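Dear colleague,

Please open it and keep it beside you while you read.

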Amino acid sequence: MLADLMAGAVEDAEARAAVRPIAEVERAALAQTPALDALAALAPADRVKIIAEVKRASPSRGDLAAIPDPAHQASLYEQGGASAISVLTEGRRFKGSLADLEAVRASVALPVLRKDFIATPYQVLEARASGADLVLLIVAALEQPLLVELHDLVRQLGMTPLVETHSADELARAADLGARLIGVNARNLFTFELDRDLFGRLADSFPADAVKIAESAVLQPADVRHYRDAGADVVLVGEALVTGDPVATLRSFLEVGS
C-alpha cells in the first residue's frame, strides 16, 4: 500500500512538473510569505495540542466527508482551538489537492501542514509555493540519503519537517536527522492495521528536544487522554473531526488533554 501511494504521488507530481517546471515553482516558493513557526505553535505545554486534519477519504476507511469548502472546515478547527491544520493533498486515495492547501492557508492564521507522500524536491517546493509551513516526511518510505536531502530542503525553505515514524528503528533514523518534530503513526502503512499502544512503547526513545506527536486511532476524548498519558505533546486528528461537529469535538478533546 505504501509503495503504491508513493508511486502514485510521484507520478502525479511529475505530471504537474511537465506543466509547471521546477524553476517556476522554486521562484514561487521563494516569493512566498515566510513560513509560520510551527515548532513554537506546537511546543510542549501544560495541555495537549491538536493538529486538526482536512481529510475527505482514506484507503482504510473510504469516503469520510465531502468537505466542499476546506477553508471553512479549517476555520472551524481554528475556532475549536487547534494549534495547526493538516491538509491531505494526495488526490488518488485521499481526494485532496494543493488547491485545498492554498484555500486553507488563506483562511487561517495557524501553521499549515502539507500531508502527502513526499519523495521529490519538486513536491517540497510545491508545498512552500502553496503556503505550507510544515511538510510531512515518512521515514518508512524514504532511504536515509533522500530523507536527509528532503529534510534539509524543507528547513532551507523556512518550513518545519514533521518526520513520521512507525518503529524504534525509524525513530532512531529521525533522531539522526536532528528532527525536532517527530510523529508516531499508529497505523502501519504497509498493512494499514492500527496499534494504538505503539506511541507509548516508543515515547521514551524520542530525542529530549523533540516535540512528541501521536497520530491516528483518535475517535473520542479517551483516545486523546490515552496518548497524553503516554507522553504525547501533540495529537493529530482527522476522521473524528470531519465526521462530526468539529468545534465541539475539538473542545472535548482539548478538555481531557490538560
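What volume does the largest cavity have? Please bear in mind that this is a predicted model, and that within it the largest cavity has a volume of about 30 Å³. The count comes to 1 cavity of 30 Å³ or more. You can find this cavity by looking for its lining, which is made up of Val54, Lys55, Arg56, Val87, Leu88, Phe94, Lys95, Gly96 and Asp100; by class, these are 4 nonpolar, 1 polar and 4 charged residues.

Turning to the pockets, the largest has a volume of about 440 Å³, and its lining consists of 27 residues, among which Lys55, Lys115, Asn185, Arg187 and Ser216 lie nearest its centre. Two elements, strand S6 (134–138) and strand S10 (234–237), each give two or more residues to the lining of this pocket, and the lining as a whole has 13 nonpolar, 5 polar and 9 charged residues.

Finally, please look at helix H4 (residues 70–80) and helix H12 (residues 246–256), whose axes come within 8 Å and cross at roughly 35 degrees, in a crossing that is right-handed. On the H4 side the contact is made by Gln73, Leu76, Tyr77, Gln79 and Gly80, while H12 brings Pro246, Val247, Leu250, Arg251 and Leu254; taken by class, this contact has 6 nonpolar, 3 polar and 1 charged residues.

With best wishes

Key:
Residues are numbered from 1 along each chain as its sequence is written. This is a predicted model: local features need pLDDT of at least 70, side-chain atom pairs count only at pLDDT 80 or more; totals for chains, interfaces and linings use all residues. Side-chain values use heavy atoms; hydrogens and water are left out. On a 1 Å grid over the protein atoms alone, a cavity is a set of points where a 1.4 Å probe fits but cannot get out, and a pocket is an open set with protein on both sides within 12 Å along at least five of seven lines; lining residues have an atom within 4 Å of a point. Grid points are joined across faces, edges and corners, and a volume is the space filled by probe spheres set on the points. Ala, Val, Leu, Ile, Met, Phe, Trp, Tyr, Cys and Pro count as nonpolar, Asp, Glu, Lys and Arg as charged, and the others, Gly among them, as polar. Helices (H or I, at least four residues) and strands (E, at least two) are DSSP runs, numbered from the N terminus. Axes are lines fitted to C-alpha atoms, for helices over the stretch in contact, and angles run from 0 to 180 degrees between N-to-C directions. A crossing is left-handed if the near helix is turned anticlockwise from the far one by less than a right angle, and right-handed if clockwise. Contact means heavy atoms within 4.5 Å.
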